[in-house]
Amino acid sequence: MPASSSSSKLEQRPNSNSQNRNIVVLAGGVGGAKLADGVAQIVPPDNLTVIVNSGDDFQHLGLTICPDLDTVVYTLAGIENPETGWGRAGETWRIMAEVGRLGGPEWFKLGDLDLATHLVRSQLLATGHSLTEVTQTLCNKFGIEISVLPMCDQPAPTMIATDQGLMPFQTWFVEQKWQPAVREVVLPDVISTAQVVSCLENADLILIAPSNPFVSIDPILNAYPIRSMLADLAELVVAVSPIIAGEAVKGPAAKMMGEMGMRVSSAAIAQYYGDLIDVFVFDRRDSALLNQEGSLNSLITFQTDTLMNNRQDRRRLAQEILNLAMELLNS
Ligand code: FO1
């Protein structure tokens, strides 16, 4: 909803702290997973839902691979690979090596432990379970109590229109190492799930994680009716910038901005989200730039250290955002 309407919206909520507010995190891969883990360290599991991009899902080696969902699940379970942020810690690669020896594709690295997730998920999907149900099953097995929901149950493949033609997201991102210049991100029309709609209806606070706005957050918003629910409902929407000092914390967000004709800055991210958000959280290193660009109108802004190098950083950032949000919700 427009930032200018935020005060009337804030008045609709009774006083309380983050312990009994319903919080929803919209997340892509690594950045989303880290912020979700920070919030999960503070908020009781029943009050937290993470809605995850499934636009990067694809079929590979006959299996359904859901990279962002798995990154969120592994991170919340504390078993993510600390070097890459995706995949499993303590991974071995015997099957991939043998796939390569037999002439199979090796460009997308699937570790032996990670492959077990793809095998079980693919088998459950093939026997009629929805992606939402399968994700719940995997969360239970990994001991995750909070609710992790895919943005939709239908396949929702993100396509990237580049100077070398239209290609599936993972072809562009991993196989082509996000080098072909991006002209446009092409998103299919998909419908979200009853579970997503219900958690958004009950949300007090929605956090848009510092994930890539174009290939991680937009696919979620594009799953009907998520974008209109964020615009129309009375919850507070807070976005965290994935850009620090003109660079993406991880991945191609900054490169894409340049290629799509945007300024590469935190302010441009805030303007991109526009009326959808009430509060914009950005890194201290960008304060001068944000003041210079000075076109954020009535948006509430909050500056802090947004880098999350360890679990304490995740918790600190989440706590600062929750403190601000509770102050606004209770004012
Ligand atoms: N990213 C890579 O850059 N190279 C890989 O080989 C790769 C394998 C991979 C396997 C499982 C998984 O869950 C994620 C994986 N990723 C890999 C990351 C992933 O493709 C991207 O980070 C996301 O799709 C973008 O958010």
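Me: At what angle do helix α5 and helix α6 pack, and how far apart are their axes?

Reply: First, a word on the source: this is a predicted model, where local features need pLDDT of at least 70 and side-chain atom pairs count only at pLDDT 80 or more, while totals for chains, interfaces and linings use all residues. Residues are numbered from 1 along each chain as its sequence is written, and side-chain values use heavy atoms, with hydrogens and water left out. Now, α5 (residues 112-126) and α6 (residues 131-141) pack at about 140°, with axes 10 Å apart. The axes are lines fitted to C-alpha atoms, for helices over the stretch in contact, and angles run from 0 to 180 degrees between N-to-C directions.

Me: Why are α5 and α6 called oblique to each other?

Reply: Under 35 degrees is roughly parallel, over 145 roughly antiparallel, 65 to 115 roughly perpendicular, and the rest oblique. The angle here is about 140°, so α5 and α6 are oblique.

Me: What makes the contact between α5 and α6?

Reply: Contact means heavy atoms within 4.5 Å. On α5 the residues are T117, V120, R121, L124 and L125, and on α6 they are L131, V134, T137 and L138. By class, that's six nonpolar, two polar and one charged. Ala, Val, Leu, Ile, Met, Phe, Trp, Tyr, Cys and Pro count as nonpolar, Asp, Glu, Lys and Arg as charged, and the others, Gly among them, as polar.

Me: How do you know that the buried residues of α6 line one face of the helix?

Reply: The buried ones are L131, T132, V134, T135, L138 and C139. Down the axis of α6 they fall within an arc of 165°, so they line one face. That arc is taken from the directions from the helix axis to the C-beta atoms. These buried residues pack against α3 (67-77), α5, β5 (147-150) and α8 (194-201).

Me: Why is L317 called buried?

Reply: Buried means under 20% relative accessible area (exposed is over 50%, partly exposed in between; 1.4 Å probe, protein chains only). L317 has 0%, so L317 counts as buried. L317 lies in helix α14 (residues 311-330). Leaving aside neighbours within four places in sequence, L317 is in contact with L35, T304, D305, T306 and M308.

Me: And how do the axes of α2 and α3 cross?

Reply: The axes of α2 (residues 30-40) and α3 come within 9 Å and cross at roughly 35°.

Technical notes: Helices (H or I, at least four residues) and strands (E, at least two) are DSSP runs, numbered from the N terminus.
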